[in-house]
Amino acid sequence: MHHQMLNLAQAAAQAHVEPNELKHCAQRGEIAAQKRGDEFFFSAADVLEWAQRNLLCESRKVLAASHREMNAARRRRTAALELAPLVPADAIDLAVPAKTKAGMIRDMADLAVKSGWVYDVDGLFAALQAREEAASTAVGEGAAFLHPQRHDPYFFERTFIAYGRAIRPVFFGAPDGGATRHFFVICATEHQEHLHILARLAVLAHGSDLLARLDEAQSPEDVHAAFCAAEAAYCT
């Protein structure tokens with residue numbers, strides 16, 4: 001997938017945007033593209049990375065619309081996405097001790113490894129670190145959605161999410177300048193599922209009481225209940 005080239009329509013479908021919007025971004029140099037005659041072509045890896053950045057900085061209204069479109073597309077293929085079953089108890093830590101950004105990246109990578117579903121332990125840490133060096137995945141309101149800079153389906157045996165709550169909030173580069181307490185590592189084996197999980201987490205963090213419920217969680221069971229309640233109340 002990394003080296004696959006996509007035409008404009010294929011790339012727009014992968015990024016869940018209108019073709020003209022993606023074309024204008026390419027013309028402005030906001031996404032890498034090759035122009036052959038009048039046609040634009042994109043690396044699938046570049047499209048995914050651009051889409052991830054967009055989702056993290058979209059307005060709530062646009063983010064919600066993107067999430068609805070992804071929900072509809074998924075329902076056409078399979079069952080609706082639910083986050084709670086993707087968070088294994090072994091990959092939940094309600095007292096992450098890290099005090100710095102670098103320490104938190106390491107602790108969250110180690111937490112993901114506890115699931116038993118990570119093939120490349122060192123590669124995952126390096127990929128998470130590279131993503132944060134490129135741009136922070138903290139989105140404000142106390143949440144960060146860590147994920148590899150480049151999606152690699154061979155990192156993981158199956159798709160899952162690791163969740164960690166910091167003992168003391170960490171300054172992680174959030175756009176609002178605030179510290180971050182809730183950390184999620186998105187570990188997906190398929191790029192569209194990765195984007196859907198990222199969008200769903202973002203809309204829940206910004207538009208539901210998920211983070212407030214997670215603040216009160218005392219056990220992995222409470223974490224699962226928080227996800228279930230937030231999704232039932234907010235997501236369609």
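**Strands, cores and rings**

Strand E7 and strand E8 (residues 180-187) run antiparallel and are joined by seven bridges. Helices (H or I, at least four residues) and strands (E, at least two) are DSSP runs, numbered from the N terminus. Two strands pair if DSSP finds at least two bridges between them. This is a predicted model: local features need pLDDT of at least 70, side-chain atom pairs count only at pLDDT 80 or more, and totals for chains, interfaces and linings use all residues. Residues are numbered from 1 along each chain as its sequence is written, and side-chain values use heavy atoms, with hydrogens and water left out.

Stay with E7. Histidine 182 in E8 is the bridge partner of arginine 165. E7 also pairs with strand E4 (residues 92-96), in the parallel sense, over three bridges. There, valine 96 has alanine 166 as its bridge partner. Eight of the 11 residues of E7 (residues 160-170) are buried, so this strand is largely enclosed by the rest of the structure. Buried means under 20% relative accessible area, exposed over 50%, partly exposed in between (1.4 Å probe, protein chains only).

Now the cores. A nonpolar core is a set of buried Ala, Val, Leu, Ile, Met, Phe, Trp, Tyr and Cys residues joined through side-chain atoms within 4.5 Å. The largest has 49 residues. Phe145 and Phe184 are among those with the most contacts inside it. Helix H7 (residues 191-207) gives this core its largest share, eight residues. Apart from it lies another core, of 29 residues, including Phe125 and Val185.

Next, the rings. The structure holds eight aromatic pairs. Rings of Phe, Tyr and Trp (its six-membered ring) pair if their centres lie within 6.5 Å; planes under 30 degrees apart count as stacked, over 60 as edge-to-face and the rest as tilted. Phenylalanine 40 and phenylalanine 42 are stacked, at 6.5 Å centre to centre and 25° between the planes. Phenylalanine 40 is buried, at 9% relative accessible area. Phenylalanine 42 is buried too, at 0%. The pair of phenylalanine 145 and phenylalanine 184 is tilted, with 5.5 Å between centres and 50° between planes. Phenylalanine 145 lies in strand E6 (residues 143-146) and phenylalanine 184 in E8, so the pair ties together parts that are 39 residues apart in sequence.

Arginine 106 lies over the face of phenylalanine 125, at 3.6 Å from the ring centre. The criterion is NZ of Lys or CZ of Arg within 6 Å of the ring centre and within 35 degrees of the ring normal.
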